[in-house]
Amino acid sequence: MKLTPELLKKLVRASQKTLSEEIGCDDCFDQLHEFAELELSGKTPEKAMPLVQDHLNKCGECRQEYQALLDALRELNS
Amino acid sequence: MIVAMLNWFKRRKQTKKSYLSNEEWLELLASPADEKAVGELRKILVRGLKPALYKYVDRELDQFVEDTVQDSLVKILDKLDSFRGESRFTTWAMKVAVREGLSELRRKKWQDVSIDDLASAGIEDDDDSHPVQFAADNPGPDRTTHESMVLEKVMEIIENDLSDKQKMALNALMVEGISSTVVADQMGMKRNALYKLVHDARVKLKTKLASEGIDPDKLLEQLS
Ligand SMILES: [Zn+2]
């Protein structure tokens with residue numbers, strides 16, 4: 001593992017955003033359908049489910065899945 | 001079952017759209033699943049997945065979506081019990097299908113990469129045995145002695161306080177940019193466990209910086 005200044009920055013930034021209470025990918029996935037419907041109905045899921053929002057901010061794969069889910073649901077609702 | 005089907009057909013006549021309630025879906029899909037209901041769900045998933053995945057699939061989108069839906073249906077029928085009704089049933093089912101499709105695409109994209117090779121390649125390249133190295137070995141004239149000492153300390157924390165597993169994961173994820181689904185596969189863990197592993201590493205670093213009296217903002221400023 002080569003520590004470039006770039007990586008060091010990433011690590012330090014990530015560590016500073018760390019909360020003692022974070023949910024993992026499983027808990028995020030368990031709530032994602034509810035979160036998506038709240039968003040699509042114009043509500044504020046990030047307020048109702050802040051831990052899911054926090055996980056989506058931090059986890060690229062869950063975020064990608066969430067975006068794709070929204071795309072799919074928009075198609076179904078159209 | 002029969003009532004659910006009748007309701008469904010009645011509504012289909014009226015609206016052209018199939019609109020099953022969650023209860024009806026669950027009733028129809030419970031084993032042995034009703035063929036027509038499975039077919040209907042298949043259509044819905046195919047329709048949703050195409051716009052959701054097209055930007056990630058370079059060719060034969062239709063075939064990929066069909067295969068994904070087939071695999072997803074098995075999973076959905078298998079874990080119907082875990083649907084607790086917090087959304088429309090089709091939203092929940094779509095979520096399962098989206099994850100199925102994206103996971104498959106990630107595995108395909110990274111199928112030729114082995115994080116073990118990356119790790120050992122790194123070790124061979126390095127002259128000394130330090131698993132962690134600062135790329136710019138000499139700190140440079142623009143860095144004060146104090147700043148250099150702080151950097152040294154941070155590197156020491158990363159080298160000594162993070163486990164080999166954590167370093168391996170951070171390297172694969174943050175340096176190589178490999179998908180965490182794939183990294184988790186190769187490390188023999190679930191993505192959820194990998195997230196926790198990295199989370200613990202972040203907590204460790206945060207706590208250690210604080211206990212060493214290192215101001216992260218100053219550190220970041222110094223690094224930029
Ligand atoms: Zn995640």
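Eight salt bridges are found across the interface of chain A and chain B, a salt bridge being a side-chain nitrogen of Lys or Arg within 4 Å of a carboxyl oxygen of Asp or Glu. One salt bridge joins the side chains of A:Glu75 and B:Arg47, with an N to O distance of 3.6 Å. The structure is a predicted model, in which local features need pLDDT of at least 70 and side-chain atom pairs count only at pLDDT 80 or more, while totals for chains, interfaces and linings use all residues. Residues are numbered from 1 along each chain as its sequence is written, chains are lettered from A in the order in which they are written, and side-chain values use heavy atoms, with hydrogens and water left out.

Between chain A and chain B, 23 residue pairs, both at pLDDT 80 or more, are in polar contact, that is, a pair of N or O atoms lies within 3.5 Å, one able to donate a hydrogen and the other to accept it, and residues adjacent in sequence count only if both atoms are side-chain atoms. On the side of chain A that touches chain B, two or more residues each come from strand 1 (2-3), helix 1 (5-16), helix 2 (25-40), helix 4 (50-58) and helix 5 (60-77), where helices (H or I, at least four residues) and strands (E, at least two) are DSSP runs numbered from the N terminus. Helix 5 of chain A gives the largest share of that side, with twelve residues. In total, 45 residues of chain A are in contact with 57 residues of chain B, contact meaning heavy atoms within 4.5 Å. The two chains bury about 4900 Å² between them, 62% of it on carbon and sulfur atoms; buried area is the accessible area (1.4 Å probe) that two parts lose on being put together, summed over both.

Within chain B, the domain assignment, which is automatic or taken from a database, gives domain 1 (2-109) and domain 2 (115-223). Four residues from domain 1 and five residues from domain 2 make up the contact. The area buried between these domains of chain B is about 400 Å², of which carbon and sulfur atoms give 40%. B:Arg99, B:Arg106 and B:Arg107 supply 94% of the area that domain 1 buries against domain 2, more than any other three residues. The rule finds one salt bridge across this domain interface, and B:Arg107 forms a salt bridge with B:Asp185, the closest N and O atoms being 2.5 Å apart.
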